[in-house]
Structure formats: structure tokens, C-alpha cells
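The following questions and answers examine a protein chain, working from its fold to individual residues. Please consult the sequence and the coordinates alongside the text.

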Amino acid sequence: GDDSDNLSDLKNTSESEVEELEKEKPIIVEQKKDENSMKADLLIRKEMMELARKELPYTFKVPESYEELQTLLNGQSYEHQAVILERMIKCNHPSLGEGLKDKLANLFAFLLQHLQDTAASSKLDETHNCFALLDRLAPYLYDLCHMSPQNAGRCMSEVIREKQQDFRKRNKVYPVFDTLVFLNLVSLLFPTSDFRHPVVTPALVFMCQMLNQCRIKMPQDIAIGMFLTTLMLEYTVLSKRFSPS
């Protein structure tokens, strides 16, 4: 039409504005790279899960002991472990027969021990192992938790109590990674918005205790302190509580 755009807004752009726009370009490119990388990782994980579903049997019995579970999971990738647990829970759902609910309650405790052993055996440069395992186990731990909430609450309370007792022996030293993994798991399994909760509240008090008492002696301590602070925010974002620590 007659009212054609003469691009006057671009012609009048100052040199400083152009420089600012040029500075923003690498940031946008990096963001796109990160997004593409995340999509690629998700696609790879999905393909690995599909491959694991094809390779593994369709039915699994619930192990009677922790040793049986270890025999079943040892040597398997985290994707394979996730598929095994998925099929084990489906094949032994409490609605399919008597006694299955108790067996799955025991499975919850066995999985907590499995997570503990993986976290305890991980070296400083292998900390991603325990969190990667937590990422795969969390959905199935959540399902088992809701099948038997009292048992899950009792098991997690006992774990938090043990971690706090260990902390008392060296109450100025930040905890190792197995403690952080379980504190992270608490926020995934239980509601953090309740005024008082038999599992979440002790975990919250424990984190405050560590942030108040622990001393920073090395860069690793800063990372752990920041991780605990992030967990504190996750715990309190819904309840809108204020934590001085």
C-alpha cells in the first residue's frame, strides 16, 4: 500500500543499542543449545527405556529379601532397573491378591536401602550416580508410598532419624551425599505445605540445624549448603514459611 515501512526505527537505532543487541545474541544461542541438548537427552532416555522394555521379561516376583533385590538389579542400567520395578509393581498390585500389599511395603524399604548403598558407594566425582538413580526410582517409590502411606512414613522417618544421629557425632561438618538424596526424596513423596507433618517437619528441622551449625571449610561445603538452601525453598514455597537459617 501507500503507507510502506521505511524502517526508520532501525535507522535511528543508536550504536549502544546495537551493541546491546549483539551481546544478547550469544545468550539466545546458548539457550537454544541447552534446550536442544535437553531434548536430545530426553529422546535418548526414551529410546533406552523402550529398548529395556523389549529386552526384559514381562513379569517379576516381589523379592523376599534385600539380597534378592540386589541380585535382580545388580549389573542393570538405571533404565533397566526402572522397567523391572514398573513391571514388578504392576504384576503384584494389591488388588490382584492377598498379601501383595505387605510384599510391596517391604519392597519400599528394600529400595530405600538400594538408594542408600548407591549413594554411599559414589565418590565425589560420581555423585551424579545416586541422583540419577533417584530420578529413575522416584515415580515407583511414589506409587509404593501411596499404596501403603503409613509404612512409607515410618520407613522415611527412621532414615531421617538415623541421618540426624550420624550428624550429631560431627555436628559442624556438612553431610555426605546419601543424606542429601533422602532429604530430596522427602519433598517428592510427602506434602510440604502441611503445618506439621511426621516426616517433612523433622526433615525441615534437620536441614535448619545443618545450615546453622555446619562450617564452610572447602568449596564442596558451599555446594552442599546451596543444595540444602534450594531444598529449604522447595519445602517452604507453598507454606510461605520464613527460615532464618
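A residue is called buried when its relative accessible area is under 20%, exposed when that area is over 50%, and partly exposed in between. The model discussed here is predicted.

Q: Does threonine 236 count as buried or exposed?
A: Threonine 236 is found in helix α10. Its relative accessibility is 11%, and the limit for a buried residue is under 20%. Threonine 236 therefore counts as buried.

Q: Which residues does threonine 236 touch, not counting residues up to four places away in sequence?
A: Threonine 236 and threonine 192 are 44 residues apart in sequence, and their C-alpha atoms are 6.9 Å apart in space. Touching is judged on heavy atoms within 4.5 Å. With residues up to four places away left out, threonine 236 touches Leu204 and Arg241.

Q: What is the secondary structure of the chain?
A: Read along the sequence, the chain follows the pattern α-α-α-α-α-α-α-α-α-α. The secondary structure comes to ten helices and zero strands.

Q: Among contacts between residues at least 6 apart in sequence, what percentage join residues at least 24 apart?
A: The chain has 245 residues, of which 39% count as buried. Among contacts between residues at least 6 apart in sequence, the share that joins residues at least 24 apart is 78%.

Q: Where around α10 do its buried residues lie?
A: The buried residues of α10 are Asp221, Ile224, Gly225, Leu228, Leu231, Met232, Tyr235 and Thr236. They cover an arc of only 125 degrees around the axis, so they lie on the same side of α10. An α-helix has 3.6 residues a turn, so residues three or four places apart point the same way. On the other side of α10, the exposed residues are Pro219, Met226 and Leu233.

Q: Which helices do the buried residues of α10 pack against?
A: One of these buried residues is Leu231, and Leu231 is in contact with serine 187, a residue of helix α8. Taken together, the buried residues of α10 pack against α8 (177-189) and α9 (200-213).

Q: The backbone oxygen of which residue lies 2.7 Å from a polar atom of the side chain of serine 187?
A: Serine 187 is buried, with a relative accessible area of 18%. Leaving aside neighbours within four places in sequence, serine 187 is in contact with Thr192, Leu231, Glu234 and Tyr235. The backbone oxygen 2.7 Å from a polar atom of its side chain belongs to asparagine 184.

Q: The rings of phenylalanine 167 and phenylalanine 206 form what kind of pair?
A: The structure holds two aromatic pairs. In the pair of phenylalanine 167 and phenylalanine 206, the ring centres are 5.8 Å apart and the planes meet at 65 degrees. Planes over 60 degrees apart count as edge-to-face, so this pair is edge-to-face.

Q: How many residues apart are phenylalanine 167 and phenylalanine 206?
A: Phenylalanine 167 counts as buried at 5% relative accessibility, and phenylalanine 206 counts as buried at 2%. The pair links distant parts of the chain, with phenylalanine 167 in helix α7 (residues 149-169) and phenylalanine 206 in helix α9. Their separation is 39 residues.

Q: How many disulfides does the structure hold?
A: Cysteine 91 counts as partly exposed at 31% relative accessibility, whereas cysteine 214 counts as buried at 7%. A disulfide requires two cysteine sulfur atoms within 2.5 Å. The number of disulfides in the structure is zero.

Conventions. Residues numbered from 1 in each chain as written. Predicted model: local features only at pLDDT ≥ 70, side-chain atom pairs only at ≥ 80, totals over all residues. Heavy atoms only, no water. Buried < 20%, exposed > 50% of the residue type's maximum accessible area, 1.4 Å probe, protein only. Helix = DSSP H or I, 4+ residues; strand = E, 2+ residues; numbered from the N terminus. Arc of directions from axis to C-beta. Phe/Tyr/Trp six-rings, centres within 6.5 Å; stacked < 30°, edge-to-face > 60°. Polar contact = N/O pair within 3.5 Å; in protein donor to acceptor, adjacent residues only side chain to side chain.
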